[in-house]
Amino acid sequence: MDLETGFYQNRLKKESWRTVLTLAYQSLGVVYGDLCTSPLYVYTSTFAEDIEHSETNEEVYGVLSCIFWTLTLIPLLNYVFIVLKADDNGEGGTFALYSLLCRHAKVSSLPSSQLADEELSTYKKDFLINTPEQNTFGAKIKSNLERHRVLQRFLLVLALSGASMVIGDGILTPAISVFSAISGAELSLGKAHHLYIEVPVACIVLIALFALQHYGSHRVGFLFAPIVVTWLLCISGIGLYNIIHWNPSVYRALSPYYVYKFLKKTRKVGWMSLGGILLCITGSEAMFADLGHFSQLSIKIAFTSMVYPSLVLAYMGQAAYLSRHHVMENDYQFGFYVSVPEKLRWPVLVIAVLAAVVASQAAITGTFSIIKQCCALGCFPRVKIVHTSSKIHGQVYIPEINWALMILCLAVTIGFRDTKRLGNAAGLAVITVMLVTTCLMSLVIVLCWNQSVLLAVCFVIFFGTIEALYFSASLIKFFEGAWVPIAISVVFMIVMCIWHYGSLKKYEFDVQNRVSIDWLLSVGPSLGIVRVRGIGLIYTELVSGIPAIFPHFVTNFPAFHQVLVFICVKSVPIPHVRHEERFLVGHIGPREHHLYRCIVRYGYRDAHKDDLQFENDLVCSIAEYIRTGKKGLNGNAAEDLSNDLEDMTVLGTPSTHISGVQLCADNEMNSESVGTSKLREMHSTHITKPKKRVRFSIPETPKMDRNAREELRELMEASEAGIAYILGHSYVRAKQGSSLVKKIVINIGYDFLTRSSRPPAYALTVPHASTIEVGMVYHV
């Protein structure tokens, strides 16, 4: 028996390692494309600062030493060994860090947060693992964050600034990668001809790249890893050849002493050249941002075993070649293709273009993901989000953003037509995201990991100082291209802040103007309200109370459906909500009125289901709630937040409660096939032939009382009649007496974004044929 157990454990271990190695191989094509193509333009951007190139090779060795230690300290030491551990249940990126802080310090920007959200398994897991001790400095930081709105807003702005720079990187990375790869044609075609070929070819490649985005990267994903592996083998092989052939002693430059000599000799010019050296770590943030697609171990194995050694050999090979060629014969000085043997330049050029496309694809996909997270947290206007893969949840496509990125990317490429200025722009975007990550990581160390403040301070001082040095070197080139990511970031930051502010004010208006069920029941006889067949879904952002838009609706049209559900689709600051915790269902008022509240919770990485599947899940969840016998507010019509939360039940989708109520179409089962001891069918007693036949399969046990049975039958008849979606179409205006700034933000900025964004029905994926929109003016 022991031998069999040991054999089984060894087999599992082999399978797990096979999975890890497979993920490590796949990560090369998704995560490391940008980082691996940086040798195309690092030396070109660095030596563009007119560094004196003496015969002693001190500058070449100094730049190589700076590149080596930058690669070692930031991607290897910081990201691989520290930052990757700060995952949010397997997810990474700026918003993963922000969501961790929101859960541990309760600084969420989402106004619809509830105490019930803290009962989610992810919350409980976090608090069980990292429970902060009282009377510590970390507890004081947490208390200050929770008390002061200014600090919470600063934290949100910090996260949004990082997200904005990621968007800027999604514009600049395709431009510089493709342009640098195609620039190798200069050596073969000559300067007189390549000027007329370089930009047009780069633009054609970029247009084709963005035009293919709607297919999804998973369609051609199997090509990504082989391309990057071929590129890494290519640059490492060329680098090894150059080291052996030109300067085997170039390894001496790996000593940090050459960094000191380089900065001491070049001073200000050397400091400015750090903006070019910085480009050697472009794409390092992807190791953390794309963590959700892979695992920590697979990303670490791929970087340490393949990416890091190949990049070091590539940079050493270029330095070895430059150390023996102080005077270039053409104007393409210090470029990557100069160090490539002449016979291999065209094959290497083709591989480089393919690798640049892979790098661009990763940056574009990362931009889509960050914007989806911003939308989920209420910080970006509604856009169309298409999930291009049913298996990989993180692969999305956003048409509006795709074409905006393409236009901006083409504008940057045509406007600059220069690797130096493109490098200045890309460098500032990259280092800004890293600075934001470092700042958020320091808070995670204290608040989430419950470590000492001294450790967080040491982390910020060590890595923050290095990044701040690179940031200053990039910022000094503001007028030489670095203004582009700042301008892009400012525009997107303004859009995000205006949308978040307007959405927050709109929610506050709903809270202040919500009405109780007492009002509805009292005005019913006077208005002559009638109940019509069917289910009415009233979409609202409120988690308690009746939104003001519903009284506005029944006052003008005094009728509503026999079953009414106030539904709130909300996001919570965790990546994924388990299916068994998706729905919160409860009664509103006495159960004979057939009024329900349903709160549907999604994580910022979750995909919203289509309307048909969502309808089935919703109806089954309400039916299961009725079957379990949970009572509402015991006939008390008055409704407050605490009671509303206490009387709501957590229910999953039908797939998670197989033994519960199941919804069956007429062609799926018949009365003869359900005569088992476990399930029985409940049929509608309505005489009129319905549009569709709905059946509930109900377990025999536990027994239901008569009231529950009648309530369930009423729900089934309403479901047969159909479901109508009632949404509010709000017109937000600043109320009288508001400041000029508020009037501009609300009446102009937020109104423009509302009209330009997708309508609520589109964002919620509800069918247009069954949608009723109710217009209402919000004076905020």
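A: A cavity is a set of points, on a 1 Å grid over the protein atoms alone, where a 1.4 Å probe fits but cannot get out; points are joined across faces, edges and corners, and a volume is the space filled by probe spheres set on them. This is a predicted model, where local features need pLDDT of at least 70, side-chain atom pairs count only at pLDDT 80 or more, and totals for chains, interfaces and linings use all residues. Residues are numbered from 1 along each chain as its sequence is written, and side-chain values use heavy atoms, leaving out hydrogens and water.

Q: How many cavities of 30 Å³ or more are there?
A: The count comes to four. About 400 Å³ of space lies in the largest cavity.

Q: Which residues line the largest cavity?
A: Lining residues have an atom within 4 Å of a point. There are 29 here, and Val166, Glu285, Ala286, Ala289 and Gly366 lie nearest the centre.

Q: Which helix gives the largest share of that lining?
A: Helices are DSSP runs of H or I, at least four residues, numbered from the N terminus. Here α17 gives the largest share, eight residues. Among the others that each supply at least two are α8 (149–182) and α15 (285–289).

Q: Is arginine 267 buried or exposed?
A: Exposed means over 50% relative accessible area, buried under 20%, and partly exposed in between (1.4 Å probe, protein chains only). Arginine 267 counts as exposed because its relative accessibility is 60%.

Definitions and conventions. On a 1 Å grid over the protein atoms alone, a cavity is a set of points where a 1.4 Å probe fits but cannot get out, and a pocket is an open set with protein on both sides within 12 Å along at least five of seven lines; lining residues have an atom within 4 Å of a point.
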